[in-house]
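This report goes through helix packing, aromatic contacts and salt bridges in one model. The sequence and structure come first.

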Amino acid sequence: RLVYAFSLWKQRRAAEALPLLGKLPAESEVTLVPMPLLRAALLAQAGEAEAARASLAAFDRTDALREEEALADLLGRQLAPKS
């Protein structure tokens with residue numbers, strides 16, 4: 001489900017991907033795709049900034065790949081409150 005949701009996100013189809021994640025527990029033990037990061041990306045694409053920020057805050061960078069960290073940084077900049 002996570003890989004398919006990621007694929008849909010890359011295709012800019014967040015509305016179709018979010019329900020796939022909704023069927024998984026928020027704290028799922030997944031090593032293939034960090035769920036909080038994917039959820040944040042999908043929520044940001046769907047225009048749900050507050051929920052995306054909350055999910056991004058739950059992303060653990062401890063064992064993250066460089067690409068995952070780069071995506072988290074990009075999302076953080078995109079979701080930063082406008083001043």
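How many aromatic pairs does a search of the whole structure find?

## Aromatic pair

The model is predicted. One aromatic pair turns up in a search of the whole structure. The pair is made by Phe6 and Trp9, with ring centres 5.5 Å apart and planes at 45°, so it is classed as tilted.

Both residues belong to helix H1, where they sit three residues apart, about one turn of the helix. Phe6 is partly exposed at 34% relative accessibility, whereas Trp9, at 15%, is buried. The cut-off for buried is under 20% relative accessible area, so Trp9 at 15% falls on the buried side.

Helix H3 spans residues 35-45 and is mostly covered, with eight of its eleven residues buried. These are Met35, Leu37, Leu38, Arg39, Ala40, Ala41, Leu42 and Leu43.

Which helices do the buried residues of H3 pack against? They pack against H1 (2-10), H2 (14-22), H4 (49-57) and H5 (66-79). After H3 comes Gly47, which has a positive phi, near 85°.

## H1 against H3

Two packed helices are described by the angle between their axes and the distance between the axes. For H1 and H3 the angle is about 30° and the axes are 10 Å apart. The crossing of H1 past H3 is left-handed.

On the H1 side the contact involves Leu2, Ala5, Phe6 and Trp9, and on the H3 side Met35, Leu38, Ala41, Leu42 and Gln45. By class, eight of these residues are nonpolar, one is polar and none is charged. Both members of the aromatic pair, Phe6 and Trp9, are therefore also part of the contact with H3.

Arg1 is in the segment before H1. Its C-alpha atom is separated by 7.2 Å from that of Leu21, a residue 20 places away along the chain. With neighbours within four places in sequence left aside, Arg1 is in contact with Leu20, Lys23 and Leu24.

## H4 against H5

H4 and H5 pack at about 145°, and their axes are 10 Å apart. H4 also passes H5 in a left-handed crossing.

The H4 residues in this contact are Ala49, Ala52, Arg53 and Leu56, which meet Ala72, Leu75, Gly76 and Leu79 in H5. The contact comprises six nonpolar residues, one polar and one charged.

## Salt bridges

There are three salt bridges in the structure. In one of them, Arg13 is bonded to Glu16, and the closest N and O atoms are 2.7 Å apart. Arg13 is partly exposed at 29% relative accessibility, and Glu16 is partly exposed at 42%.

Another joins the side chains of Arg53 and Glu50, at 2.4 Å from N to O. Both residues lie in H4, three residues apart, about one turn of the helix. Arg53 is partly exposed at 28%, while Glu50 counts as exposed at 58%. Arg53 is also one of the H4 residues that meet H5.

Arg61 and Asp73 form a further salt bridge, 2.7 Å from N to O. Arg61 is in the loop between H4 and H5 and Asp73 is in H5, so the bridge ties together parts twelve residues apart in sequence. Arg61 is partly exposed, at 34% relative accessibility, and Asp73 is partly exposed with a relative accessible area of 34%.

Notes
Residues numbered from 1 in each chain as written. Predicted model: local features only at pLDDT ≥ 70, side-chain atom pairs only at ≥ 80, totals over all residues. Heavy atoms only, no water. Buried < 20%, exposed > 50% of the residue type's maximum accessible area, 1.4 Å probe, protein only. Helix = DSSP H or I, 4+ residues; strand = E, 2+ residues; numbered from the N terminus. Contact = heavy atoms within 4.5 Å. Phe/Tyr/Trp six-rings, centres within 6.5 Å; stacked < 30°, edge-to-face > 60°. Axes fitted to C-alpha atoms, helices over the stretch in contact; angles between N-to-C directions. Left-handed = near helix turned anticlockwise from the far one by under 90°. Nonpolar A, V, L, I, M, F, W, Y, C, P; charged D, E, K, R; others polar. Salt bridge = Lys/Arg side-chain N within 4 Å of Asp/Glu carboxyl O.
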